[in-house]
Amino acid sequence: IAAKYLQSLEGSSDTTLQRLPEIGLIINTKSIGNFSFDMTAKGTNFWRKEGQKGQRLDINPNLYLSYGKLINLTQKAGLRDISYFLSDPDENKNRLFIDLRTILTTKLFKRYPSFIHIIEPSLEYTYIPPAGDEDFPSFDATDAISKTNSLKYVFTNRFEGLNTAGLDARSRLSQSYSFLNNGNPFSPVLAEGSLASNMITFNINTSYDIYESSVTDSIVSARL
């Protein structure tokens, strides 16, 4: 159970959405042979003084089939049921759709005297069919899930420390290709890096738009 209240620093917060409260349930992965199952459920009360508000119930069970060791193939079939109980205006709505994914991964590693170098390339195909043409509310990113037909590559490098400082480093490069977008099918390249030790954690994320040839986003954080 959680609650979040946001205060605008630029003026009135009457139209700012608050989560008062938010309740979640997680069923951790249960495996039987090559099959596994997990599920999440979340109920959120969205409230604000002015504008549409209401409750949303999001239920997401997932079934996985995974096989292969050196090269692993995982197939996922997920069901997403999102129900809305709205006010201003008063109405109830529902979105029900499937989430199909196929993920191909492998892992290569080499042990050095002071660290282990791990390389993890992967390919992920995602298909989400249309979930109706109704005008659904837009409270957060969950409501923005739309028809998807894409292929994504991820290339991860990890350096796991074996020394007393426990120093670990990770870099991750990813990009997706949409079969639905004929104009600009490639997403921005996302580069992520992190450096963690017993003393500090440092993260940097950068997005690069290949069509504009420019950096569109860059986020840096550090935590002691």
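How many residues lie between S4 and S5 in their hairpin, and which glycine in the turn has a positive phi? Three residues separate the two strands, and glycine 68 is the turn residue with a positive phi, of about 100°. The structure is a predicted model, in which local features need pLDDT of at least 70 and side-chain atom pairs count only at pLDDT 80 or more, while totals for chains, interfaces and linings use all residues. Residues are numbered from 1 along each chain as its sequence is written, and side-chain values use heavy atoms, with hydrogens and water left out.

Strands are DSSP runs (E, at least two residues) numbered from the N terminus, and two of them are taken to pair if DSSP finds at least two bridges between them. S4 (residues 53-67) and S5 (residues 71-87) are paired in the antiparallel sense over 13 bridges. Within this pairing, asparagine 62 stands opposite glycine 78 in S5. S4 also pairs with S3 (residues 35-47), again in the antiparallel sense, over 12 bridges. Here phenylalanine 37 has leucine 63 of S4 as its bridge partner. The hairpin formed by S3 and S4 has five residues between the strands, and glycine 51 in its turn has a positive phi of about 110°.

Salt bridges were assigned where a side-chain nitrogen of Lys or Arg lies within 4 Å of a carboxyl oxygen of Asp or Glu. The count by this rule is 12. In one of these, arginine 19 is joined to aspartate 140, with the closest N and O atoms 2.6 Å apart. Because arginine 19 belongs to strand S2 (residues 18-32) and aspartate 140 to the loop between S8 (115-128) and S9 (148-161), the pair ties together parts that are 121 residues apart in sequence. Burial was classed by relative accessible area (buried under 20%, exposed over 50%, partly exposed in between; 1.4 Å probe, protein chains only). Arginine 19 is buried at 18%, as is aspartate 140 at 19%.

A salt bridge also forms between the side chains of arginine 158 and glutamate 120 (2.9 Å, N to O). Arginine 158 lies in S9 and glutamate 120 in S8, so this contact ties together parts 38 residues apart in sequence. Glutamate 120 is partly exposed, at 21%.

The side chains of arginine 172 and glutamate 192 meet in a further salt bridge (2.8 Å, N to O). This pair links S10 (residues 168-178) with S11 (residues 189-196), its members being 20 residues apart. Arginine 172 is partly exposed at 23%, whereas glutamate 192 is buried at 16%. Salt bridges with shared partners join Arg19, Glu22, Arg56, Asp140 and Asp143 into one network.

How values were computed:
Helix = DSSP H or I, 4+ residues; strand = E, 2+ residues; numbered from the N terminus.
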